[in-house]
Amino acid sequence: MTAIVVLTGAGVSAESGLPTFRGPDGRWEGHRVEDVATPEAYARDPVLVQRFYDARRAALARVGPNPAHAALARLDRDWPGAFLLVTQNVDDLHDRAAAEAGVAEPRLVHMHGELTSALCGRCGARQRWTGDLSGAPDCPCGGRLRPDIVWFGEMPYAMDRIDAALSACDLFVSIGTSGAVYPAAGFVAQARAAGAATLELNLEPSAGSYLFAETRHGPASRLVPAWVDDMLARA
Ligand code: APR
């Protein structure tokens with residue numbers, strides 16, 4: 001049975017109403033990425049950074065999973081072989097789609113952290129957090145709580161699990177990501193080295209399109225359900 005690894009990026013959530021990072025103006029919701037998504041930015045202006053992520057967290061209440069998230073949750077639920085969904089997204093739309101599909105333990109990792117989680121900057125404890133972090137009490141250890149987001153220069157989560165899945169996979173599928181940020185941009189090469197088939201589903205060719213054996217271009221809400229239906233029909 002084909003072992004599948006799926007990588008998603010901001011493009012899978014675009015049709016839910018969440019903006020991608022690398023828009024035409026090169027800014028993320030009006031900010032340069034380096035002003036809100038680095039440890040240095042947080043050290044320089046913690047109030048601005050907390051407010052920025054508080055607004056992103058609050059925006060989750062106004063959006064929901066789209067047909068691409070729903071299709072991937074069905075694949076997780078119904079695929080009898082090995083499966084891992086690796087997302088670079090910090091939104092909770094894959095998690096909500098999995099809950100809606102009745103997946104008890106989603107085979108899902110958030111390699112860049114989660115908006116609905118707070119991280120203690122001192123002891124490293126993580127806890128579920130759905131409200132604002134501005135003005136939140138400190139961690140019991142005395143450390144300040146920060147967004148549980150992997151900023152530039154920080155180590156992504158779950159790399160051991162991701163590496164193991166990539167080296168054992170037969171099919172690697174990249175969905176809605178520009179292929180501009182490592183280590184995720186290197187996963188296709190890792191999967192190819194393991195002998196896997198590779199497929200890109202993206203609105204337009206990404207920076208790494210040429211690395212994929214097959215590419216399909218169009219909106220995720222159309223391409224992903226069609227691909228999942230096809231996989232499940234052959235399962
Ligand atoms: N369907 C499919 N793909 C889409 C859609 C859509 N409806 N809309 C946009 N896309 C594609 C774009 O063409 C682009 O290639 O999604 C990609 C989004 O790219 P980015 O904005 O660069 O997002 P992503 O690849 O997830 O960024 C990676 O960068 O700043 C960091 O940590 C942040 O996780 C993020 C990482």
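# Salt bridges, strands and a buried glutamate

Student: How many salt bridges does the count come to?
Tutor: Keep in mind that this is a predicted model, where local features need pLDDT of at least 70 and side-chain atom pairs count only at pLDDT 80 or more, while totals for chains, interfaces and linings use all residues. Residues are numbered from 1 along each chain as its sequence is written, and side-chain values use heavy atoms, with hydrogens and water left out. A salt bridge here is a side-chain nitrogen of Lys or Arg within 4 Å of a carboxyl oxygen of Asp or Glu. By that rule, the count comes to eleven.

Student: Is Asp-148 buried or exposed?
Tutor: The cut-offs are under 20% relative accessible area for buried, over 50% for exposed, and partly exposed in between (1.4 Å probe, protein chains only). Asp-148 has a relative accessible area of 1%, so it counts as buried.

Student: Which strands stand at the edges of the sheet with S5 and S6 in it?
Tutor: That sheet is open, with three strands in the order S5-S4-S6 and antiparallel pairing (two strands pair if DSSP finds at least two bridges between them). An edge strand has a single partner strand, so one side of it is left without a neighbour in the sheet. Neighbouring strands are turned by 45° against each other on average, direction ignored. The edge strands are S5 (126-128) and S6 (145-149).

Student: And which residue in S6 stands opposite Glu-114?
Tutor: S4 (residues 113-120) and S6 run antiparallel, joined by five bridges. Opposite Glu-114 you'll find Asp-148.

Student: What angle does the direction of H4 make with that of S6?
Tutor: H4 packs on the sheet, touching S4 and S6, where contact means heavy atoms within 4.5 Å. Axes are lines fitted to C-alpha atoms, for helices over the stretch in contact, and angles run from 0 to 180 degrees between N-to-C directions. For H4 and S6, that gives about 55°.

Student: Which residues does Arg-56 touch, not counting residues up to four places away in sequence?
Tutor: Arg-56 is found in H4, which covers residues 46-59. At 16% relative accessibility, Arg-56 counts as buried. Leaving out those sequence neighbours, its contacts are Trp-28, Glu-29 and Leu-115.

Student: Over to H9. How far apart are its end C-alpha atoms?
Tutor: The expected span of a helix is 1.5 Å times one less than its number of residues. H9 (residues 220-234) has 15 residues, so it should span 21 Å. The end C-alpha atoms agree with that, being apart by 21 Å.

Student: How close are the closest N and O atoms in the Arg-234 and Asp-230 salt bridge?
Tutor: These two are four residues apart in H9, so about one helical turn separates them. Arg-234 is exposed at 60%, whereas Asp-230 is partly exposed at 35%. Their closest N and O atoms are apart by 3.4 Å.

Student: What distance separates the side chains of Glu-200 and Ser-206 in their polar contact?
Tutor: Glu-200 lies in strand S8 and is buried at 1% relative accessibility. A polar contact is a pair of N or O atoms within 3.5 Å; within protein, one must be able to donate a hydrogen and the other to accept it, and residues adjacent in sequence count only if both atoms are side-chain atoms. The Glu-200 side chain also makes one with the side chain of His-217, at 3.4 Å. With Ser-206 the distance is 2.5 Å.

Student: Last one: in S7, what is the bridge partner of Thr-8?
Tutor: Five of the five residues in S1 are buried, with Ile-4, Val-6 and Thr-8 pointing one way and Val-5 and Leu-7 the other. S1 runs parallel to S2 (residues 83-87), with five bridges between them, and Leu-7 stands opposite Val-86 there. Five bridges also join S1 to S7, again parallel. In S7, Thr-8 has as its bridge partner Ile-175.
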